[in-house]
Amino acid sequence: MERGLLWLPLLVMFFWLAWQGSKEYQKVEAYRAWAEQFERAKYDIYAVLGQKDNNLTWGKPTSKGPIKLETFSLLDVKQIHLVVDEKSVDVENIPPKGRSIELEFLFSESNNSVRVPFTEIPLAAEWGKFLQGVLQDLQTEPQQ
């Protein structure tokens, strides 16, 4: 009987891990269906982000699909910063680690900003470089 009592916590842990894995799989599948509408998209545990033309949409992943979705246009963005531990860093010279990783979008018409969280600095830097390139192309493009 003692052996049964010793194995019980392991059995409970196994079922809890299986349940957590099932929830995460549902999140990824919901993201996959959501991301089909975008040209470029990313998923991590903190946020989903999708780009289509000049619009960026981001929100929080759940097993039912992304929630708290916000959309904004890169045409309204003045600057994009990679922020690690509340400090703006250069996307070409990234720190090896950080606790809080975000891409910050500063808007030209207001003092508001949007911060999209990331789990990995290299992934955030890659998105930052790409979006800064798109932003520069938009700013140098002749206005019609």
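Predicted model: local features only at pLDDT ≥ 70, side-chain atom pairs only at ≥ 80, totals over all residues.
**Exercise 1.** Is Val12 buried or exposed?

Solution. Start with the location: Val12 lies in helix H1, which covers residues 2-35. Next, take its relative accessibility, which is 51%. The cut-off for exposed is over 50%, so Val12 counts as exposed. Finally, look at the surroundings: Val12 belongs to a nonpolar surface patch with Met1, Leu5, Leu8, Leu11, Phe14 and Phe15, and together these residues have about 810 Å² of accessible area.

**Exercise 2.** Which parts of the chain does the salt bridge between Glu126 and Arg40 link?

Solution. Begin with the contact: the closest N and O atoms of Glu126 and Arg40 are 3.9 Å apart, and a salt bridge requires a distance within 4 Å. Then place the partners: Glu126 is in helix H2 (residues 121-140) and Arg40 in strand E1 (residues 40-43). The pair is 86 residues apart, so it links distant parts of the chain. Both Glu126, at 47% relative accessibility, and Arg40, at 22%, count as partly exposed.

**Exercise 3.** Which residues are joined with Arg115 into one salt-bridge network?

Solution. First, Arg115 in strand E8 (residues 113-118) pairs with Glu86 in the loop between strands E5 and E6, with an N to O distance of 3.0 Å. Second, Arg115 also meets Glu104 at 3.4 Å; Glu104 sits in strand E7 (residues 101-107). Salt bridges that share partners join Glu86, Glu102, Glu104 and Arg115 into one network.

Now compare accessibility: Glu86 is exposed at 55%, Arg115 is partly exposed at 28%, and Glu104 is buried at 12%.

Key: Residues numbered from 1 in each chain as written. Heavy atoms only, no water. Patch = residues over 30% accessible without salt bridge, like charges linked within 9 Å, V, L, I, M, F, W, Y side chains within 5 Å. Areas by Shrake-Rupley, 256 points an atom, 1.4 Å probe, with all protein chains shown as cover. Salt bridge = Lys/Arg side-chain N within 4 Å of Asp/Glu carboxyl O. Helix = DSSP H or I, 4+ residues; strand = E, 2+ residues; numbered from the N terminus. Buried < 20%, exposed > 50% of the residue type's maximum accessible area, 1.4 Å probe, protein only.
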